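These notebook entries record what I looked up in the structure shown below. I began with the domains, then turned to the chain as a whole and to the ligand.

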Amino acid sequence: MEVLAYLTKACVKECLQLLIFNNPVPKNYRGYGVIVASLPGDVGIGERISNLLGAQHQEVIHKVFPDGESYLRFPHPIESDDYVLVQSTYPEQNRRLLELVMAAKTLSVRGARSVSAVIPYLAYARQDKEFLPGEVVSAEVVLELLGSSGISDLYVVDIHKPAVLKAFRRRSTNIMPLNSFKKYMSGLNLRNPLVVAPDEGARHRASLLSKALSTDYLVIKKFRDRYTGKILHSFPEGLDFGGVDVVVIDDIISTGGTVADIASKAKDLGAERVFALATHGIFVDGAVERLRNSGIDEVIVAKTVGRVVEGVTYLDVGDEVANVVGRRFL
Ligand code: R5P
């Protein structure tokens, strides 16, 4: 009897969904479907994930009220299915983060079977430590907030420091878009390439990329004045970059100061060409000008944020991200 009631309810729901929205959620053999919902900060990755999974794709309806607050509405009634929310958090870091938290909480309290979040760029991740007494460790606060909003699986693209993900306290995956990087850089016919990390924090990126390009890497020492934010790079003595193509790799280009400094020093040391490769291109505070003046030959970033700057090469990492996220459901 109970089974019959359940089947009738499920059937009525399916029929209503079909009649009203003409958009049923494809179900797997266990009777659950995956719904990929793009929030306003998605950078085209939601569609890739839904195509890969044959899942329903929804664009969450959104507007900004006159007083600046965000309004969101899922275009279909919330189902007891697995939801994947996609939201990058730049520009408008605060708004995008809050939208994600509100959407996730809504899904989890209204009966979604699970809520995953895919964040191509996670804002506030750089402050991962209390460097000066009393400083707010924003990376931990933001990750704890995401964890308490009902998100059970988190996917971020190249977070500043992967270890900080433990603050999320649930399943998390850091996606390094290495295949896309390798593919593009391999097509540049680099001569005597050397991968350079601008600081200790970028060592793991340099190590991965240099392995992928079958070359060496070098980590530069960086000193930061914790009050002014000013940075100083110290290159090892006696370096000669004559005939070398340098690839500076970092997670973020924000003001461009870091990679510009490395690039101009590398050129002074005789580097043939200098490429700046980063995962997230924020480009603020005169970054484009700064990078141009540094002698960098090409600036390359992944398309992880909702802002495109002229003169920069953007790599599409949508399929690489979708493949990682898709593994959980396939
Ligand atoms: C800092 O440790 C980060 O990894 C980046 O190097 C930094 O955020 C880049 O910022 P900017 O472009 O302003 O130098």
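Entry 1, domains. I looked up the separation of the two domains in this predicted model and found the C-alpha centres of domain 1 and domain 2 to lie 32 Å apart. I noted the bounds from the domain assignment: domain 1 covers 2-175, and domain 2 covers 178-316. I then turned to the contact between them, to which domain 1 contributes 13 residues and domain 2 contributes 11 residues. I sorted by class the residues on the side of domain 1 that touches domain 2, and I recorded eight nonpolar, three polar and two charged.

I took the dimensions along the principal axes, where the C-alpha atoms of the protein chain fill a box of roughly 85 × 45 × 35 Å. For secondary structure I recorded nine helices and 16 strands. I checked burial and found that 40% of the 330 residues in the protein chain are buried. Among contacts with a separation of 6 or more, I found that 63% join residues 24 or more positions apart.

I asked which of the 14 residues around the ligand come nearest. I listed I252, S254, T255, G257 and T258. I then looked up the elements that give two or more residues to this shell, and these are β13 (245-253) and α7 (257-268). Of the elements, β13 gives the most, with four residues. By class, I recorded the shell around the ligand as three nonpolar, seven polar and four charged residues.

Notes. Residues numbered from 1 in each chain as written. Predicted model: local features only at pLDDT ≥ 70, side-chain atom pairs only at ≥ 80, totals over all residues. Near = placed C-beta within 6 Å. Nonpolar A, V, L, I, M, F, W, Y, C, P; charged D, E, K, R; others polar. Buried ≥ 20, exposed ≤ 12 C-beta atoms within 10 Å, placed from the backbone. Contact = placed C-beta atoms within 7 Å. Domains from an automatic or database assignment.
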